[in-house]
Amino acid sequence: MRIPPQIFRLVLLTVGIVTSYSAARYFLTPPSFGQYGWFRGDALHLLQDRPRKYAGRKACDECHSEQVQKLAKAEHKTVSCESCHGVGLAHVDDPGVTLGRPTDGLCTRCHERDVARPVWLHQINPKNHYNGQHCVECHVPHQPNEVP
Amino acid sequence: MNSMPSAAPGQVPPGPNPAPVSAAKGPVSRRGLLRTLTGAIGGVLTLSAARAAKAAVQKGLATSEAPKGYDPLKHKWLMAIDVERCIGCGACVEACKTENNVPDAPYYFRTWIERYIIKRPKPGSGDARGEVVVDSVNGGMRKAGTRLPDLVPKEEILRGFYVPKLCNLCEHSPCAQVCPVGATFDSPDGVVLVDPKYCIGCGFCIQACPYGCRFMNPVTHTAEKCTMCYHRITRGLRPACVEVCPGEARIFGDLKNPVENDPITRFFETRKAEPLKPHLGTKPRVLYAGLDMEVR
């Protein structure tokens with residue numbers, strides 16, 4: 001029994017398509033695909049290797065533990081070092097790199113009166129709260145309840 | 001077409017169905033055996049060549065970074081938001097932009113703060129609350145010493161509050177479903193991530209996200225979103241926004257490895273929490289405490 005040529009051509013075409021698909025799949029599927037799920041496992045490593053900039057409070061604690069412990073007992077205990085002092089990883093890697101000095105603007109960033117702010121937060125109106133003075137003349141940033 | 005008459009008398013005329021040659025010579029001929037052997041050797045050679053070629057191709061595809069002793073299957077990270085603790089200082093937005101090299105323009109954000117202002121109802125209208133005005137000037141980020149513009153006169157305001165927004169880490173994430181190349185995925189440690197090498201920058205995911213948490217990076221031309229600072233949490237650090245948040249409005253933790261006085265466990269012990277847009281069925285993992293009905 002002979003296979004009719006039109007059927008034979010169709011079979012040939014199908015085999016060709018399936019073969020090229022399997023070959024492409026065999027060659028192009030990344031080796032880590034399916035390691036953790038329906039994605040490339042290496043992507044996780046790629047994202048893990050991005051550079052950091054914030055050091056984290058633990059890194060500050062290694063050298064400045066005295067300040068960190070004092071801060072932990074004061075009103076500002078929830079405020080992290082880098083909230084006010086800025087990115088610190090460069091300083092951790094090389095202590096010669098100094099951090100920027102906090103300014104009055106950093107105090108008002110949180111404590112300026114604002115109707116959308118919650119009531120538990122101490123808020124002031126900079127225009128009548130002080131008269132051209134700097135915040136640190138009356139307040140200690142690390143211990144806000146103490147007087148300098 | 002006139003070759004048939006000129007054929008020599010002893011030759012077999014080339015018919016449409018000539019008799020098979022091997023059948024006339026018995027089951028195993030020398031030529032047949034040689035053919036089979038050549039085929040087998042050739043097949044083996046092609047297979048090894050294919051293996052070598054595959055290794056070469058995949059060397060080009062694979063990223064060579066070795067794992068850092070971090071097993072994604074042993075962690076489940078989660079962030080929760082306490083709206084009552086957010087003071088709208090914008091430190092998280094600034095930290096996120098710095099940590100993740102998000103472009104400066106005021107419309108690229110991985111996380112941002114929205115300000116909700118509820119106006120007083122019109123006198124005599126009998127309503128409990130008036131119109132709601134929502135804004136997010138520069139993502140809620142304020143430079144030190146500046147304040148956000150007042151959109152509503154003070155006497156018209158009933159109340160206001162800030163809501164931090166970020167990727168909601170949906171269990172049924174629409175962004176992962178629409179990605180045509182499978183570059184967006186749910187990692188086993190609970191973060192929805194984008195594979196920057198495989199993202200083709202088509203922007204489907206940006207349209208699909210009902211929370212508006214994604215943007216197209218103008219430098220890399222790939223979709224970007226909150227990764228919960230994947231490069232930090234896998235090294236035992238907190239995400240940058242959580243690190244700098246002065247009011248502990250952002251609570252972060254590992255559900256599979258709770259630490260002593262675990263903040264996220266405490267949050268779920270003490271607070272009523274709800275997701276954003278629950279009617280969409282995306283099942284966000286990020287839950288908010290203290291939400292008002294206006295928040296979307």
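1. In this predicted model, 43 residues of chain A are in contact with 52 residues of chain B. The elements of chain A that give two or more residues to this side are α1 (5–28), α2 (42–48), α5 (81–85) and α7 (104–111). The largest share belongs to α2(A), with 7 residues.

2. By class, the side of chain A that touches chain B is made up of 20 nonpolar, 11 polar and 12 charged residues.

3. As for secondary structure, chain A contains 8 helices and 0 strands. Its pattern along the sequence is accordingly written α-α-α-α-α-α-α-α.

4. The overall dimensions of chain A deserve a comment. Its radius of gyration is 31 Å, whereas a compact globule of 148 residues would have one near 15 Å. The C-alpha trace of chain A spans about 105 × 40 × 25 Å along its principal axes.

5. Burial and contact range can be read alongside those dimensions. Of the 148 residues of chain A, 20% count as buried. Where contacts in chain A join residues at least 6 apart in sequence, 44% of them are between residues at least 24 apart.

6. The domain assignment divides chain A into domain 1 (5–48), domain 2 (53–101) and domain 3 (103–142). Taken over C-alpha atoms, the centres of domain 1 and domain 2 of chain A are separated by 50 Å.

7. Strands of a sheet pair through backbone hydrogen bonds, and the pairing may be parallel or antiparallel. In chain B, strand β2 (residues 112–119) is joined to β3(B) by 4 bridges, and the two run antiparallel. One residue pair can be checked directly in the structure: Tyr116(B) has Val134(B), in β3(B), as its bridge partner.

Notes: Residues are numbered from 1 along each chain as its sequence is written. Chains are lettered from A and ligands numbered from 1 in the order in which they are written. This is a predicted model: local features need pLDDT of at least 70, side-chain atom pairs count only at pLDDT 80 or more; totals for chains, interfaces and linings use all residues. Two residues are in contact if their C-beta atoms, placed from the backbone, lie within 7 Å. Ala, Val, Leu, Ile, Met, Phe, Trp, Tyr, Cys and Pro count as nonpolar, Asp, Glu, Lys and Arg as charged, and the others, Gly among them, as polar. The radius of gyration is taken over C-alpha atoms; the globule rule is 2.2 Å times the number of residues to the power 0.38. A residue is buried if 20 or more other C-beta atoms lie within 10 Å of its own, exposed if 12 or fewer, and partly exposed in between; C-beta atoms are placed from the backbone. Two strands pair if DSSP finds at least two bridges between them. Domain bounds come from an automatic or database domain assignment.
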